[in-house]
Structures are given as C-alpha cells and as structure tokens.
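Please read it alongside the structure shown here.

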Amino acid sequence: MRKGTVCWAALIGSVIMLIQGCTFQEELQYFLRSEKGSEQSDESDSADDIEERTYEPDQPKEDESETSEQTLQEVSELYYAYHCLDEKKQRIYLEMYDALSGMKSGVPLSTVDKSDLDVVFACVMNDHPELFYVEGYQYTEYTFGNTTTRITFSGTYSMTSAQAEQSRLLIEQKIAECFQDVPLNEDEYSTVKYLYEWLINNTEYDKTVENNQNIRSVFLEGRSVCQGYAKAMQYMLQKVGIQCLLVTGFTNGERHGWNLVRVNGAYYYLDPTWGDVSYALGGEGDASERFAPSINYDYFLVTTDEITWTHSIEKVVELPLCIAVDDNYFVREGLYFEDYDEGKFAAVMNSEAVEEAGCVTIKCGSQETYELMVQTLIESQKIFDFIDKRGASISYTSNDQQRTISFWNL
C-alpha cells in the first residue's frame, strides 16, 4: 500500500507500512487436554468394573437412526462448516455442540477415533460465535488392552453458566441498538454493508483488551482484534439469516481471522479488521493520514483471487471458489473502472455522496487501468481537473494489490 499527498504543482509522496496481520501469538488456537483411562484387566477387577470399562456405544435402533438422520438434515444452512462434514463427523459435531452450548462435561462421543476431534471442534467453533465462553476442550480416552473403547468430551470454559447468560443478555442489548436501523427489507448487500460499517464505527483495534478472541470484546468493550471482529460480524449476520463462516489463516506470517459470506446466493470473502483504517494506521501517521476515510472497502466482498494476494487460508473444511463480483462494494457503488473513463470519473467526483463525504475510493478492473489512472490522476496531477482545489492539496492512498485509489480532503 502506498500513501501520500498530492499538492498543486508539486507531488509530495510517502510510503507507509503495509496493512499488517494481527500481532498476537495465541489467537485462533484452542487448548485441549487428553486423559487416558487405563482399562487393563487384572484379577482384582470385579465383574461390574470390567463390564463398565469395556463399554461400547450401543448401536442405534432403527427408529433412533431415523431420528438422527432427521436431526442432521434439519441443521440450518447458516452453519457452513457443519454441512461440509461427512455423516460421521456431523454426528460428532452435534454431540460437541450440545456439550458446549449446555456447558456439559463427560459427554460420550460416537467415535473412538481421537483424530476426528480437532477438526470437528474447529468446525463447531468456526460456525458458532455465540460460544464466546468456550476456551477449548478436553477428552478422556478409555481403553481395554490396546483398544480404545470410548471417548468422552468436555468443554473448558472461561466463566460459569450464570456469567455466560449475563454476558449474553448484555450482548443482545447492545446489538438491539444496531438492529433498529438495519435494512432487513432490502437486498442482502445492503444488510451486510450496514453491519460492516456499524461494526467498524463501534470498534477499535486493541490487542490489550480482555476477551479479544470472542464477541464479548466487541459488543461489551468496543475494542478487539481480528478474531473478535470476524466473530462479531458472523454473529450479526447469522442473526439476520445470512450464512457466514469464520475463516482462519495467516497474513504477513502472522495468524489472522476473517469471514466467508454468502450474499444474494454467491460467496465472497470479507475482512472487517482490515476494513478499519485505524487498525491499518496503528494510531500513527501525519495529520493528513488521520483524516483518511475511516472505513476501507478493499476487502469487502472480494473474490478468492483477491483475498489470497494477502491472506493465506487454513482450510479446516473445503471452501468454495469465490468468483462473483456483482456485490463487490466498488461494483455496487459505481466506483469500478474497467478503463480510464474521464466522464464517469467526473460524475463520481461531482456526486452528492463524494461531496458530502469529502473522500472517495475507486477500484480498477485491470493492472493496466490501475497504472494509467495512477499515472494520470496522481503523477500528472490530473485530479485537480476534477476538483476545485488549486493552490491546495489532496491526500491519497493507492493499493497496488487491490488496484484501488483513495482521495480525501476533497
């Protein structure tokens, strides 16, 4: 990313830091503990002890199997990761979710393969931001000889059930304020855009705040890091019936979290943390940078190609190839340029929205168009042909990877 200030008759440019990944060491990781219940038989064991220790889960009866199948089919499409699992792992997912949502311990799982646990637990947590009180899990493995006979599952929690319920009520009170004005009767793009802007306007990036790995930091403290932003975005979108998944991975070698969202039937990536300009600036920069647009849309509903320029994805489950652009911010707002069109650019600069905001960001459809617009508008200072700012200055930033150009102090 490049930043600078365009001055009339002179160009003052500067280079600032690229957007960085979240600088935390233990984000997006959960802790587990394994306990092995040894069930080696010896002469002192009673018959009852041996019977208990060689327990195998009962096979479901025919009617129970039908009920289980019905339960699997009734899980909402909001939960993307669940529907990517095979039937065996879906059952484990439901057993884990039942344990975690009820804060239960020692719940028998329908598997004796402990290698299933990490993946399924990650799927549950990536689907369910409302499990904000879950810190991790532990399991107990029961064996008879060298054979595992059963596994039980327990969540580890950061609070009591009473404290969790109190936090949930406070969170609901907070988002009720947001939902008073959310455009639910319009298309999904408008809903996602409203919630994205609300989240950024009401949250500051802060690595020191407590609970920054869950939604409590956002809704109760107004401060968080990337996983808190992403889970809060997911929580609100699920509340209004829009499918959203927490996606984890790396940016600039550091762990990061963002979202996969289904909007009007198509999949896109969305990174609310990188949408917060205060996060990118890190509280630094000169006076002109502090007046930059407070919300960045470079990573708002983008394709797989666009997100993977800067984000490396950990695929807990298979993710769709995102190729749609119809609901990309720049396409929807008329700020997408396939070529350098002076008439279209003039119309954008003279629009009421730009005049009211005092800033604008445009996106170019190709590298050639991007380079031409940078050379024409910035290097040759043609921007002043569209703005009555002669003798003054205009600040700008350009993003080579996303091919966007922002102007402010208009």
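In this model the charged end of Lys344 sits over the ring of Phe337, and the charged end of Arg150 likewise sits over the ring of Tyr142. A charge counts as sitting over a ring if NZ of Lys or CZ of Arg is within 6 Å of the ring centre and within 35 degrees of the ring normal.

| Charged residue | Ring | Distance from ring centre |
|---|---|---|
| Lys344 | Phe337 | 4.7 Å |
| Arg150 | Tyr142 | 4.1 Å |

The model is predicted, so local features need pLDDT of at least 70 and side-chain atom pairs count only at pLDDT 80 or more, while totals for chains, interfaces and linings use all residues. Residues are numbered from 1 along each chain as its sequence is written, and side-chain values use heavy atoms, with hydrogens and water left out.

The structure holds 19 aromatic pairs, where rings of Phe, Tyr and Trp (its six-membered ring) pair if their centres lie within 6.5 Å, and planes under 30 degrees apart count as stacked, over 60 as edge-to-face and the rest as tilted. One of them joins Tyr80 and Tyr267 edge-to-face, at 5.8 Å centre to centre and 75 degrees between the planes. This pair links distant parts of the chain, 187 residues apart, with Tyr80 in the loop between helix H2 (62–74) and H3 and Tyr267 in strand E11 (residues 266–270); helices (H or I, at least four residues) and strands (E, at least two) are DSSP runs, numbered from the N terminus. Both Tyr80 and Tyr267 are buried, that is, under 20% relative accessible area with a 1.4 Å probe and protein chains only.

In H3, the buried residues include Gln90, Ile92 and Tyr93, and just after this helix Met103 takes a positive phi of about 55 degrees.

Methods:
Buried < 20%, exposed > 50% of the residue type's maximum accessible area, 1.4 Å probe, protein only.
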